[in-house]
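Subject: Structure for you to look at

Hello,

Here is the structure I promised to hand over. Please open it first, then read my notes below.

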Amino acid sequence: MPMTTSISKYSVGIGDRFGLEGAAQLRAFLAARDRGVTITPVWNKSNREHSLIGTRPEDVRAEADAAVKACQWTGPYFVDADHIGLATVDKFLAASDFFTIDVADSIGKSAADSSIAKYTADMQRFSGALRIPGIAEPVTVSPAALNQIASKYLFAVEEAGRVYRHIAEKKGEGTFVTEVSFDEANSPQTPAELFFILAALAREQIPVATVAPKFTGEFLKGIDYVGDIKQFTREFEEDLAVLAFAKQTFGLPASLKLSIHSGSDKFSLYPIVHRAIEEADAGIHLKTAGTTWLEEVIGLAAAGGEGLAFVKALYRDACGRYDEMAKPYLTVIAIDRKALPTPDQVDSFSAQEYVETLEHNQACKRFNIHFRQMVHISFKLAAEKRSQYLALLGSNRSSIESHVSENILKRHIEPLFLGTAG
Ligand SMILES: [Zn+2]
């Protein structure tokens, strides 16, 4: 196995559309450290986000470095080239030291017959009843099942190998963290599939630090988990067991951990994940989406005046350009347009009403998950009025920063890592 840069047991990926909240985000990690839990911050931005908003990977690097300096953060931190592949990785090479290799599009493409034959022959040793410590029932492994897994996933893992080697060749082995993601696949991976995917990653000599499977249920942007919580719990615990067993069996990095691409705000899962990783003594990488942007909108709405007028106009624009806003996110949103307030209704909102409709507080009657998703995907409209938007952010800086820090600390870090109610 090639050398790897390891990442600490706990890490959180934070997005920041406009790149201004790095220090405010990092203050949440400082607060966590003061309370005894060290979490590595990872600034992530995907190619999709960069192209929608007109930023470059160098901007994220500059933001992260500046935040670290401003907060005197002395621990490790990373800049994640999120969801890259061979076609998109090059522009991230210089600025990033964490690469999320996304091979979901390659799932189901067939590897060469000879590699499938070699792989399945190699995996024959697990045929029969495979016992994985921590999983009650043995997994039945038949030649047909192995063949099916190989046909579905082997090409994708080989593609991950090609991307990994491309990065390693340019940056040097052991200088970056490697994540492999399957979360944008059409269907969740079973624990058995995850086991054989990990086997294939090891055979491909990828020193994978985190792996992001697709979990059961919907991980929509900016709203809570939609799905069967009991089934998620069982699968998540089994995935942890699979990871521990696969590390020993295949010689994968000891620090290998699961990555949850949460899409943010999976509040109902945090207590479950907290308990499971504590019981298994396992690490976790939580990748959140760019909901820091929503905290900026909330800060402007709360300020009233021009700030509130700006975010009201933004919503009106968003409704008028719904299809365009929704298009890049169709698989990760569920907006019922009939449940959205009309732009006229929103225009009549007070500052407090706007904030309460948007802020993710499930106990609040006014909270509207459709409105929240709609605003979440409409950041491009603020980018179109960038100078006005940035000026407004500037004049409301301190209140926005406290929204940003509080959100990460209270709603995400506390319930997930400290086990306290969010
Ligand atoms: Zn993802």
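Which domains does the domain assignment of the chain give? There is domain 1 (10-290), and there is domain 2 (292-408). Please keep in mind that this is a predicted model.

**The whole chain**

Start with the overall view. The chain has 17 helices and 10 strands. Its radius of gyration is 22 Å, and the globule rule gives 22 Å for 422 residues, so the chain is as compact as a globular protein of that length. Along the principal axes, the C-alpha atoms fill a box of roughly 70 × 40 × 40 Å. Of the 422 residues, 48% count as buried.

Now look at the contacts.

The centres of domain 1 and domain 2, taken over C-alpha atoms, are separated by 29 Å. The contact takes 21 residues from domain 1 and 22 residues from domain 2. On the side of domain 1 that touches domain 2, two elements give two or more residues: helix H1 (22-34) and helix H2 (47-53).

**Helix H1**

Which residues of H1 are buried? They are Gly-22, Ala-24, Gln-25, Leu-26, Arg-27, Ala-28, Phe-29 and Ala-32. What covers these buried residues includes strand S1 (10-14) and strand S2 (40-46). Helix H3 (57-71), helix H9 (292-303) and helix H17 (397-418) are also included in that cover. Just after H1 comes Gly-36, which takes a positive phi of about 95°.

**The nonpolar core**

The largest nonpolar core has 122 residues. Those with the most contacts inside it are Tyr-153, Ala-160, Leu-198, Ala-200, Leu-201, Val-297 and Leu-358. Which helix gives the most to this core? Helix H5 (residues 143-171) does, with 13 residues. The core draws at least three residues from each of domain 1 (10-290) and domain 2 (292-408).

Pick Leu-198 to see some of the packing. Leave aside its neighbours within four places in sequence. Leu-198 is then in contact with Ala-246, Phe-250 and Leu-252.

Some background first. Most residues other than glycine have a negative phi.

His-83 is in strand S3 (residues 78-84). Its phi is near 55°, a positive value in a residue other than glycine. Is His-83 buried or exposed? It has 24 C-beta neighbours inside 10 Å, so His-83 counts as buried. The cut-off for buried is 20 or more.

Asp-281 is in the loop between helix H8 (270-280) and strand S10 (284-287). Phi of Asp-281 is near 50°, again a positive value in a residue other than glycine. Only the setting needs checking now: is Asp-281 buried or exposed? With 9 other C-beta atoms within 10 Å, Asp-281 is exposed.

Leu-390 is in helix H16 (residues 386-395). Why does Leu-390 count as exposed? Because it has 12 C-beta neighbours inside 10 Å, and the cut-off for exposed is 12 or fewer. Leu-390 and Leu-20 are 370 residues apart along the chain. Their C-alpha atoms are separated by 9.1 Å.

Gly-174 sits in the loop between H5 and strand S7 (177-181). It also has 12 C-beta neighbours inside 10 Å, so Gly-174 counts as exposed. Gly-174 and Asp-97 are 77 residues apart along the chain, and their C-alpha atoms are separated by 10.0 Å. Which residues is Gly-174 in contact with, leaving aside its neighbours within four places in sequence? They are Met-3, Thr-4 and Thr-5.

Best wishes

How values were computed
Residues numbered from 1 in each chain as written. Predicted model: local features only at pLDDT ≥ 70, side-chain atom pairs only at ≥ 80, totals over all residues. Core = buried A, V, L, I, M, F, W, Y, C linked by C-beta atoms within 7 Å. Helix = DSSP H or I, 4+ residues; strand = E, 2+ residues; numbered from the N terminus. Domains from an automatic or database assignment. Contact = placed C-beta atoms within 7 Å. Rg over C-alpha atoms; globule rule 2.2 N^0.38 Å.
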